[in-house]
Amino acid sequence: MTFEGRVGRRSRSSFMGLAAVALIAVLPAQAEAPREAAAVGNFRLDNGMEVVVIPDHRAPIVTHMVWYRVGSADEPPGKSGIAHFFEHLMFKGTKTHPAGEFDSKVAEIGGNGNAFTSYDYTAYIQTVTPEALEMVMGFESDRMRNLNLTDNVIGTERDVILEERRSRVENSPEALLSEEVDATLYQNHPYRVPVIGWMHEVEKLNRTDAVAFYDRYYAPNNAVLVVAGDVDPANVKALAEKTYGKVERGPDLPPRVRPQEPEQNTKRTVTLTDPRVSVPSFRKSWVVPSYQDAETGEAEALDLLSEILGGGTRSRIYQELVVRQGIASSAGAYFQGDALDPTTFSIFGAPRGAASLETVEKAIDTEIVKIIKDGISDTELEKAKNRFVRSMIFARDSQSGMANIYGSTLATGGTVKDIEEWPDRIRRVTAKQIQDAAAKYLNPQHSVAGYLMPETESKN
Amino acid sequence: MTTPSHSRFLTAAASLFLAIVLLILPTLVSARAAVTIQEVTSPNGIKAWLVEDHAVPIISIRFAFNGGSTQDPAGKEGVANLMTGLFDEGAGDLDANAFQERLDDAGAEMRFDASRDYVYGSMRMLADQKDEALELLRMAIETPRFDAAPIDRIRSQIVSGIVANAKDPETAAQFAWAKALYGEHPYSRRDEGTEQTLASITAEDLKSFHKRLFARENLTVAVVGAIDAETLKLELDKLFGDLPEKPSLQPVDRVQPKLAQEIRIPYDLPQATLQLAYPGIERSDPQFFAAFLMNHILGGGTFTSRLFNEVREKRGLAYGIESSLVNNEHSSGLVIGTATRSDRAGEALAIIRAEVKRMAEQGVTDEELEAAKKYVIGSYAINNLDTSRGIASTLVELQIDKLGIDYMDRRKNEIGAVTKEDVQAVAKRLLSAEPAIMIVGPAGDSGGKG
């Protein structure tokens, strides 16, 4: 769910859920494997721009990404969607390069380009041949400060985004419910607002909003350059100095302090009934620490907990509900670890055959209680750890996947070292830590449940 | 295995035509060869294409057996799809649980899925655990168990998916579209079957289907990663050597999609979905690349196409718009799809039809053709050779399309040789026809003839 489909610049909004899981599960690279690729380069330009270079010489391809440390959770109140809207406007031309020229130049050499926005970051990506790297760096550094925004392009692009919202959200009962579950789960933090923005606010976004957002956040000292592929760090450094290095440092931004969540004290439910739905389904979510926010080891424990509880077909929930009891067609759990602030842990399920949604929900709750009460076995912990650790070897097969891992980690306050040490931190997690995390965070009395219901039935 | 999902309609509609992939296959980059392909033949005569690469300690294998859901017997529709859900549910002397546990311990990822024309299998494994991983793959291929409990479970998951989508307008549209285009041909059937046909499928049906398709003559294999040719030869015999020599396939007729019709799926939605189908072109047709370049200029998947500019960039009518050449084993087409606000669906349709007409009548400019050639040549490696799984998948499709082991070297010249006149001729040939059009959304405004 990251880069499939090349039609249009994308918002990750509606995909955050599972995309984030996949990313974390696939997390890191190289820690210790001896059969290693060349070392990852990591340095800063004089203007404060951080650079990461991940050499991979298997094919003459380079993935070039610029990650800005700004996402929808940094938007001013009442301007929801501006981060994503602005991402679209970055394709509208600069003082020296008219709209479309960058896309054409990339297409001309057979390359691909795109961009996406999330809660905590906005990223621009091109995949090209190594010879074209300097060219894309030239264009990308030019639009970091020299965008030329007219009212004319703004009106048309806003229409495009309204269509994007209709496609992704209004046309999908699941997406509509998901938006409102998040808005209920987060009572104060801006993660309650959808990345793509609320319809009534997107309709009013204008040039002044866009320029203010650009001037505040788009500067080298608020960006991370990630280059993965058939390149060497020294060469990338020289090219980066020649292009991005010429962009003037922007004002120092204050720390990214967003309104934080109050204590959660209630159990809330959100229900959407829709004629397009035939089989009910539910998702229950909690606010939990993220990798950036957690005490050491707590996010790793939550990650492993989600894997053991409901990460795949070998998980407890799947084996119990889908295989043994035969009451669910799908059921599982996920943890969105790569966030700057406290994040979401969710369980989900849908009944099959004659089973009711309530039965499914109760059976999942029972699995959570079992872990809280009896903990997990050493064997299942070992297997889950092995899956995580080997995922980083598989991750090295995908250049763009590696660029995403490094980019999203660095844009949410992590470091290259965090990534390299992740497998060791996973190995150190104990069964007791996982049991403690379940007990501490998965309290059914402090949760939000979303129910998607067919028109004719009611939940009970 | 596929279970019907709430995927966006465009995607769903495109998958009706399947293997678009086949044709997006495009060329290698410049001087440095990205991949060196060897043809390996095992002692027992099983062939595979191999790209040996030890940079990352993993191995990917992908293979295909000709004959997918089109081979489902009448009344047993869904058997190919159901079968692909059962390969990790017990094989040889291992039941479902024991098999999955060993697969997990071996650190391997195994997948099977059925398209209309092929059943595909793949495995990605760590090089130092390849012996155990390949042994499990062998068992899955040669001795799947089709035990009653997993059959019932997987079947009921598929049925849940069918029931869940019963009232979804996009799903309804997807099937109405296939029915309208293909009539009684097997391509019009639902790959996952229906509740009734699924209920009638027995373990015997699955076993006999497996036996009919999984045969050595029917097999295409590609392997990428940390394994050498000599080792692979022995592994190929272990994996596939005990399969029967010949498959037993029902012939499938060629089918021309029925054009010149309008299908409406009235539904009160905030956005209308438009789908247009024109005649396509065979992969073996000498004008294939002319058509491929023409389609790229018209609405290929970049931010530079004519349709993208007219519908999205100039007018803000849609988020995505794309045209694709679609080639199946027994049919071809050119499909345009978009989603637009309901009250301006007529306007969007009129613009699309005007662009199609302009292409049919006037062809393309020298500049457009040059830019398209550069993209189509240069993008091959980026789109197809970026991961070992991607390479393996590309190599399977190249073999299926009989394009030859030197295809990547030839392709650039074949594209380079296409002239503006070739493009004009093929545009006229494909785009002069009256298309099939489907509109999903509120009744009323449609317009757009011309």
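## Two helices crossing in chain A

Axes here are lines fitted to C-alpha atoms, for helices over the stretch in contact, and angles between their N-to-C directions run from 0 to 180 degrees. With that in hand, we can look at a helix pair in this predicted model. In chain A, helix α10 (residues 298-310) packs with helix α13 (residues 378-395) at an angle of about 110°, and their axes are 10 Å apart. Angles of 65 to 115 degrees count as roughly perpendicular, so α10(A) is roughly perpendicular to α13(A). The crossing of α10(A) and α13(A) is right-handed.

Which residues make the contact between α10(A) and α13(A)? From α10(A) come Leu304(A), Glu307(A) and Ile308(A). From α13(A) come Glu380(A), Leu381(A), Ala384(A), Lys385(A) and Arg387(A). Sorted by class, this contact has four nonpolar and four charged residues, with no polar ones.

## Chain B as a whole

Let's turn to chain B, whose secondary structure comes to 17 helices and 13 strands. Its radius of gyration is 23 Å, close to the 22 Å that the globule rule gives for 450 residues, so chain B is as compact as a globular protein of that length. The C-alpha trace of chain B spans about 65 × 55 × 35 Å along its principal axes.

Of the 450 residues in chain B, 56% are buried. Taking the contacts in chain B between residues at least 6 apart in sequence, 84% join residues at least 24 apart.

## A loop residue in chain B: Leu249

Leu249(B) sits in the loop between α10 (229-240) and β9 (261-266) of chain B.

What does Leu249(B) touch, leaving aside residues up to four places away in sequence? Its contacts are Asn66(B), Gly67(B), Gln71(B) and Arg212(B). The C-alpha atoms of Leu249(B) and Gly68(B) are separated by 10.0 Å, with the two residues 181 apart along the chain.

## Where chains A and B meet

The contact between the chains takes 52 residues from chain A and 55 residues from chain B. On the chain B side, at least two residues each are supplied by α4 (96-106), β7 (118-126), α6 (148-164), β11 (318-327), β12 (332-341) and α14 (366-384). Helix α14(B) gives the most to this side, with eight residues. By class, the side of chain B that touches chain A has 23 nonpolar, 18 polar and 14 charged residues.

Conventions
Residues numbered from 1 in each chain as written. Chains lettered and ligands numbered in written order. Predicted model: local features only at pLDDT ≥ 70, side-chain atom pairs only at ≥ 80, totals over all residues. Contact = placed C-beta atoms within 7 Å. Helix = DSSP H or I, 4+ residues; strand = E, 2+ residues; numbered from the N terminus. Nonpolar A, V, L, I, M, F, W, Y, C, P; charged D, E, K, R; others polar. Parallel < 35°, antiparallel > 145°, perpendicular 65-115°, else oblique. Left-handed = near helix turned anticlockwise from the far one by under 90°. Rg over C-alpha atoms; globule rule 2.2 N^0.38 Å. Buried ≥ 20, exposed ≤ 12 C-beta atoms within 10 Å, placed from the backbone.
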